[in-house]
Amino acid sequence: MTLEEVLELMNRISLVDDRVVRMDETEQAAQVTMWAAILRDVPYQFAGRAVGEHYAESAYPIMPKDIAQRWRVESKRRLDRHIGTFEPTHYPHLDPDNIPGYRAALRAEREGVRQGGYEPVAWPELMAGADLVPAGRPNAEYLRTREALQAAREAARRSAESEAVS
């Protein structure tokens, strides 16, 4: 979050909980700087949701660590859900033989997922466009062959039993 976003977030928080924002201007400046440093990786929209979730669960004033902790859990969940396949069709400008470029693009994609810029792609979503093979029905030739094989096995079993008895 930028300094301006932190100011906006703290302004919104102060409408609900006046215990959070300091009254002295020097303390306010230090507080905003500290919040901005702690929340530098947290997207503004997520911080707003995290504030709402915090006050839904707790009566204590929110601290930047509460928002940052929720973001760490969310970003880990996002990375765990992301399968990390690299789709070359999304990067037509990238030369397939350029290994450093490929690695840089892959790192950028993962970082984008972690930071909330890209949505993670999970296996079910990846497979959603795949055509499923419909269940088949055995044809007449298969059924005849299967019956003949079963009859041959049964005959071999009976033959072995009769030889064992005698």
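Colleague: Before we get going, what counts as a helix here?
Modeller: Helices are DSSP runs of H or I with at least four residues, numbered from the N terminus. Aspartate 66, for one, is found in helix α4. Keep in mind that this is a predicted model.

Colleague: OK, how many residues does α4 have, and how far does it reach?
Modeller: Helix α4 covers residues 64-81, so to speak 18 residues, and reaches 26 Å from its first C-alpha to its last, close to the 26 Å expected at 1.5 Å a residue.

Colleague: Back to aspartate 66. Buried or exposed?
Modeller: Aspartate 66 is buried, because its relative accessible area is 18% and the cut-off for buried is under 20%.

Colleague: What does aspartate 66 touch, leaving aside neighbours within four places in sequence?
Modeller: His54 and Pro61 are in contact with aspartate 66. There's also a polar atom of the aspartate 66 side chain 2.9 Å from the backbone nitrogen of methionine 63.

Colleague: Which other α4 residues are buried?
Modeller: Among them are Ile67, Ala68, Arg70, Trp71 and Glu74. The cover over the buried residues of α4 includes α1, α2, α3 and α5.

Colleague: New topic: how many aromatic pairs are there?
Modeller: The structure holds one. Phenylalanine 46 and tryptophan 71 have ring centres 4.9 Å apart and planes at 65°, so the pair is edge-to-face.

Colleague: Where do phenylalanine 46 and tryptophan 71 lie?
Modeller: Phenylalanine 46 is in helix α3 and tryptophan 71 in helix α4, so the pair ties together parts 25 residues apart in sequence.

Colleague: And are phenylalanine 46 and tryptophan 71 buried or exposed?
Modeller: Both phenylalanine 46 and tryptophan 71 are buried.

How values were computed: Residues numbered from 1 in each chain as written. Predicted model: local features only at pLDDT ≥ 70, side-chain atom pairs only at ≥ 80, totals over all residues. Heavy atoms only, no water. Helix = DSSP H or I, 4+ residues; strand = E, 2+ residues; numbered from the N terminus. Expected span 1.5 Å × (residues − 1). Buried < 20%, exposed > 50% of the residue type's maximum accessible area, 1.4 Å probe, protein only. Contact = heavy atoms within 4.5 Å. Phe/Tyr/Trp six-rings, centres within 6.5 Å; stacked < 30°, edge-to-face > 60°. Polar contact = N/O pair within 3.5 Å; in protein donor to acceptor, adjacent residues only side chain to side chain.
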